[in-house]
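Please keep the sequence and the structure in view while reading.

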Amino acid sequence: MKSGFLAVTALLAALFAGQRAAEAGPTLDAVKARGQLVCGIHTGIAGFALPDARGTWQGMDVDLCRGLAVALFNDPNKVRFQPLSSSTRFTALGSGEVDVLFRTSTHTMLRDVTLGLRAVTPYFYDGHGFMVRANSGISKAAEMAGATICLIQGTTNEQVTADFFRSNNLQFTPVLFERTDQAAGALQNNRCDSFGTDASQLAATRASMPSPSDWTILSERFSKEPYGPYVRRGDDEWFDLVRWYVNALMEAEEQGITSANVDEMKEKATNPNTRRLLGVTPELGQALKLDPAWAANAIKKMGNYAEIYDRTMGPATPVGLARGPNELWTKGGLLYPLPMR
Ligand SMILES: N[C@@H](CCC(=O)N[C@@H](CS)C(=O)NCC(=O)O)C(=O)O
């Protein structure tokens, strides 16, 4: 009887240890020991990740990486950016070349389940579209029978385009490229009739054309393309951190906390949700093994979700995208931050 009890206890202890091992993960410790985050980003697209005239990376994905560096180190410069093409991004993450991807990457089931990675949480909602010459006479994709379509290798857009043409019994010829600038160049040189990619990427590509008004983005959307950060599978601690960091930026917007008022809110807030988010009470930071001010610091240095969106791709920028589905749920959009308690 006694040995049976001991065996059960030993089994439970082993199971518990196994569970703890699964929860703890090497990434946070490695990032802390390195003193720097390594973030996989796009090779160059306005609005998400593009070097400015001084060579400094700008864009939403870039700012999300910088904000994560602030949550970790209270320093937006403690991040190294690793540009990755669509076809190499997931293997680069899997092999440990980067700690996280913030790289215009759609959260799909098969990527989430089969790549040894995890899509964390959506931070930008988009859909696949097509861009054509304004004088092409094409107003909908069904008019592109026999067209040559520029696509980027290793993207969801490859499959979405093939699905659309096949399901409509239309022929098309794909021309595949590794980088966006190559596809945009081929489009301008009439090597293809259309460029097929996410609408935000089309808007950014169009804005960077010598004569944007020569190009039309067809109004139809052919897929759901929710962008999520990706991390390696099996590292729950790091997954949690990335997930709740993204959530915190949306939660800050919902609570009206901005880079301009975060200090005052921290000092004066009586709302327990605000006090928890800003680390006046320390439980959220403790749960993530971070400083209690992790979210307050990120908001102060990089802004809440709205501030990041507006300065990188909002209507006042060359990309010029309205918030649309990327508004908070309280304003008719899809952003629904989870409760932070
Ligand atoms: N959301 C798509 C990818 C969207 C995207 O990033 N597409 C283009 C931009 S049009 C690209 O990959 N460009 C490659 C590059 O320039 O590195 C996916 O997850 O597969």
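How many residues of domain 1 are in contact with domain 2, and how many residues of domain 2 take part? In this predicted model, 20 residues of domain 1 contact 15 residues of domain 2. The division behind this count assigns residues 22-125 together with 227-327 to domain 1, and residues 128-223 to domain 2. Between the C-alpha centres of domain 1 and domain 2 the distance is 29 Å.

The interface may next be described by its area. The size of an interface is often given as the accessible area lost when the parts come together. For domain 1 and domain 2 the buried area is about 1200 Å², and carbon and sulfur atoms contribute 55% of it. On the side of domain 1 that touches domain 2, eight residues are nonpolar, 10 are polar and two are charged. Zero salt bridges are counted between domain 1 and domain 2, whereas five residue pairs, both members at pLDDT 80 or more, are in polar contact there.

The protein as a whole contains 14 helices and 14 strands. Its C-alpha trace spans about 80 × 55 × 35 Å along the principal axes. The radius of gyration is 22 Å, which agrees with the value near 20 Å that a compact globule of 341 residues would have.

Charged pairs remain to be considered. Side chains of opposite charge can pair when their charged atoms come close. Across the whole structure, 11 salt bridges are found.

Terms used: Residues are numbered from 1 along each chain as its sequence is written. This is a predicted model: local features need pLDDT of at least 70, side-chain atom pairs count only at pLDDT 80 or more; totals for chains, interfaces and linings use all residues. Side-chain values use heavy atoms; hydrogens and water are left out. Domain bounds come from an automatic or database domain assignment. Contact means heavy atoms within 4.5 Å. Buried area is the accessible area (1.4 Å probe) that two parts lose on being put together, summed over both. A salt bridge is a side-chain nitrogen of Lys or Arg within 4 Å of a carboxyl oxygen of Asp or Glu. A polar contact is a pair of N or O atoms within 3.5 Å; within protein, one must be able to donate a hydrogen and the other to accept it, and residues adjacent in sequence count only if both atoms are side-chain atoms. Ala, Val, Leu, Ile, Met, Phe, Trp, Tyr, Cys and Pro count as nonpolar, Asp, Glu, Lys and Arg as charged, and the others, Gly among them, as polar. Helices (H or I, at least four residues) and strands (E, at least two) are DSSP runs, numbered from the N terminus. The radius of gyration is taken over C-alpha atoms; the globule rule is 2.2 Å times the number of residues to the power 0.38.
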